[in-house]
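Subject: structure handover

Hi,

Here is the structure I promised to pass on. Have it open while you read, and my notes follow below.

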Amino acid sequence: MAASVKLCKVHPVVFFAIVDSYERRSEDSRRVIGTLLGSCEGGVVEVTSSFCVPHQESEEEVAVDMEFARNMYDLHRKVDPNEAIVGWYATGPDVTEHSILIHDYYSRENRTPVHLTVDTSLKDAHMSIVAYTSTKIGVPGSTEGTLFAPVEVEIVYFPPEKLAVDMFLENKNEQGLVEMSSELKQISKAASNISDLLDVMMKYIDDVIAGRIASDHTVGRTLMDMIDSTPQIDPDKLHDMVTDNLKDLLMVSYLSSLSKTQLAIQEKLSNLLLSNS
C-alpha cells in the first residue's frame, strides 16, 4: 500500500464483529482493539473482515498479544489468501498516546495502515466512526511525532450483507425470534421498490418537460446511460425466453427430485438385503 489512502470502505460485518468484541470484553478493559483485514487498490482501502486482539492497557503502558495476532492472521489467510492486513481498530472516540505505539506495530505489517475508531459509547444515540492515516512529522534524527489525519469512510455491502442489514432495520423493534422472508416475498418487495423508483423517475421527467423544475444535465446523462444499457428485445421474444428458462428450471428440479427418490429407495433396499443376509 504505497499510495496514500483517500477512502476507507468498511463492510457491516466488521462493525458487528467490533461491537461483539466490545460486549464480550473483560470487566477491567476500557476498550478493545483488533486487526482489520481486506485489500487496497488505488488509494482505496476495503475492509472486509476483522478479529479482536487481546491487550492490557493502563495509564503508563500498553501490552498487546502480538503472537495471538500473528496466529489469527495465519488462520484467516488459510480461509482467504487474498485478505491482507490493512490496519487496526479501537473502540472509543479518541486517538490516545498508546494508539501511536500500536499503530507503529501495524506500520511494520503495512506501509500505510488505517486506524479505525468506533465510538461504542453511543453518545447522542449515534455511533461515531472515523478512519485515520498517519504521517511522520518533525526533524529526522531529532524530535519526531505522528500526525493522524482523518479519511473518508464509506459503508459498502455485499448482496447477502445488504439483505441482512435490511432485515435488521425492518425488525429492529420486534421482540423474540425473527424469521427471514421467503424468496417470493423478497422478489415481490424488490419489484415493488423498482416500481416506486420508476414512478419517481417518471415524475421527475414530467416535471422537467412541463417546466416545473429545472433540468439537471448529470441526471439526464445518467438516465440516458441507463436506457442505452437496457437490451432492446421484442416483448414476445422476451416472453418466450422467460418461458423456456422456466421450463428448463422445472425439468431440472423434477430430475433432481427423481434422483433423490431413487437413491432413497436404493438405500432402503440395500439395508433390507443386509438385514436378511
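Asp236 sits in helix H7, which covers residues 235-276 (helices are DSSP runs of H or I with at least four residues, strands are runs of E with at least two, and both are numbered from the N terminus). Before you go further: this is a predicted model, where local features need pLDDT of at least 70 and side-chain atom pairs count only at pLDDT 80 or more, while totals for chains, interfaces and linings use all residues. Residues are numbered from 1 along each chain as its sequence is written, and side-chain values use heavy atoms, with hydrogens and water left out.

Back to Asp236: its relative accessibility is 57%, so it counts as exposed (exposed is over 50% relative accessible area, buried is under 20%, partly exposed is in between, with a 1.4 Å probe and protein chains only). Together with Asp234, Asp240, Asp244 and Asp248, Asp236 forms a negative surface patch. For patches, residues need over 30% relative accessible area and no salt bridge; like charges are joined within 9 Å, and nonpolar side chains (Val, Leu, Ile, Met, Phe, Trp, Tyr) within 5 Å. Asp and Glu count as negative, Lys and Arg as positive, and His and the chain ends are not counted. The charge is placed at NZ of Lys, CZ of Arg, CG of Asp or CD of Glu.

There's a nonpolar surface patch to look at as well: Ile233, Leu238, Met241 and Val242, with about 340 Å² of accessible area together (areas are from the Shrake-Rupley method with a 1.4 Å probe, and for residues only the protein chains shown count as cover). Leu238 is in helix H7 and is partly exposed, at 42% relative accessible area.

Now the salt bridges, meaning a side-chain nitrogen of Lys or Arg within 4 Å of a carboxyl oxygen of Asp or Glu. By that rule there are 6. Three to click on:

- Arg70 and Glu67 pair up at 3.2 Å, N to O. They are 3 residues apart in helix H2 (residues 66-79), so about one helical turn separates them. Arg70 is partly exposed at 38%, and so is Glu67 at 44%.
- Lys162 and Asp166 have their closest N and O atoms 3.0 Å apart. Both are in helix H4 (residues 159-170), 4 residues apart, or about one turn. Lys162 has a relative accessible area of 37% and Asp166 one of 26%.
- Lys203 and Asp207 come to 3.1 Å between their closest N and O atoms, again 4 residues and about one turn apart, in helix H5 (residues 183-210). Here Lys203 is exposed at 54%, whereas Asp207 is buried at 10%. Arg212 is linked with these two in a network of salt bridges.

And the inside? In soluble globular proteins, nonpolar side chains tend to be buried together. The largest nonpolar core here has 18 residues, and Cys8, Leu36, Val47 and Leu116 touch the most other members. A core is a set of buried Ala, Val, Leu, Ile, Met, Phe, Trp, Tyr and Cys residues joined through side-chain atoms within 4.5 Å. At least two of its residues come from each of strand E1 (7-10), helix H1 (12-23), strand E3 (44-53), strand E6 (84-91) and strand E7 (114-118). H1 gives the largest share, 4 residues.

Also in helix H1 is Phe15, which is buried at 8% relative accessible area.

Cheers
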